Amino acid sequence: MSMHEKRFSISQFLVYLFLILITFISLYPIFFSFISSFKTVQEYTFSKTALPSSWVMDNYAYVFRNLNFLSYIMNSVILVFSGMILYLFVCNAAGFALGMLRFRYKLSIFSFVLFFQIFPQMVIASQVYRICSKIGLMNSHFGLILVWVAYFAPFGTYIMSTYYSTMPRSLIESARIDGAGVFRQLFKIMMPMAAPMIGTVSIVGSLAMWTELPFSLLLIQDPGNRPLSLGIAIMKGEHGIPIPILTAAILVSAIIPLILYFFFQKKIHMGSTAGAVKG
């Protein structure tokens, strides 16, 4: 074996070792939650990391019977579904305008959209609270949806504008010659062609809304209006829930995002590579 091949083998071994370590660090919390959710509280107290001696389903039954969990799930489904309709409309309309159309101050507006993405939620939380309380959007699903769309749409707009800018301008020029207006160009011509990227943006946006917590905690006080992420977050303090039951609630909350991911997995792959080669 030559010296070069030996060095390559060592470097390759180190890369594999690093990847295995990262994989283990990423998956261990899921594994820990999974085994903990099937333990009794007594068994978890005495043995946190070992496999359950007997796999019990009592923690999952407790979540649905005693914690208003179905109401939290229903609230999240309604919020995310409604929010995604507005989110996709904003991202596609703004992305199409910034990526394909020509108008004054386009670069300034696009730069402002990019600039708005840098602010963490907690930095703008006080201003969001002040605005929502003044215009009567506190403790309202509609208010939370508006805040979610306003906060998450800049990233989706950036993705869609980048994608639309790679599409041939001859498409909309031909549509204009045929008498198509802007909305017809967007909804009838451009959006069907951008379906893979819209699928990717949909998954990113829906996961962001499904797991969002700071704005929900700030704006929603009525227990009946809580989304799932907020309901789980306050279970420990409000109900004194032990860890095995809490991990069961967390795993149940991940089922719907997992279903969405596996359903749109192919579109995510297509969207992530679409537009990589221009021309």
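The lining of the largest pocket draws at least two residues from each of α4 (69–100), α10 (195–211) and α15 (255–263), where helices are DSSP runs of H or I with at least four residues, numbered from the N terminus. This is a predicted model, in which local features need pLDDT of at least 70 and side-chain atom pairs count only at pLDDT 80 or more, while totals for chains, interfaces and linings use all residues. Residues are numbered from 1 along each chain as its sequence is written, and side-chain values use heavy atoms, with hydrogens and water left out.

The largest pocket holds about 260 Å³ of space and has 13 lining residues, with V80, F81, M84, S206 and L260 nearest its centre. A pocket here is an open set of points on a 1 Å grid over the protein atoms alone, where a 1.4 Å probe fits, with protein on both sides within 12 Å along at least five of seven lines, and lining residues have an atom within 4 Å of a point; the volume is the space filled by probe spheres set on the points. By class, the lining contains 10 nonpolar residues, 3 polar ones and no charged ones, with Ala, Val, Leu, Ile, Met, Phe, Trp, Tyr, Cys and Pro counted as nonpolar, Asp, Glu, Lys and Arg as charged, and the others, Gly among them, as polar.

Two of these helices, α4 and α10, also pack against α7. The axes of α7 (residues 141–165) and α10 lie 10 Å apart at an angle of about 160°, which makes α7 roughly antiparallel to α10, a term for angles over 145 degrees. The axes of α4 and α7 come within 6 Å and cross at roughly 35°, in a right-handed crossing, and their contact comprises 19 nonpolar, 11 polar and no charged residues.

Turning to the loops, Y105 lies between α4 and α5 (106–116) and has a positive phi of about 60° although it is not a glycine. N139, in the loop between α6 (121–134) and α7, likewise has a positive phi, near 55°, in a residue other than glycine. Y105 is exposed at 57% relative accessible area, whereas N139 is partly exposed at 27%; exposed means over 50%, buried under 20% and partly exposed in between, with a 1.4 Å probe and protein chains only. I234, in the loop between α12 (228–233) and α13 (235–239), counts as buried because its relative accessibility is 19%.

Definitions and conventions: Axes fitted to C-alpha atoms, helices over the stretch in contact; angles between N-to-C directions. Parallel < 35°, antiparallel > 145°, perpendicular 65-115°, else oblique. Left-handed = near helix turned anticlockwise from the far one by under 90°.
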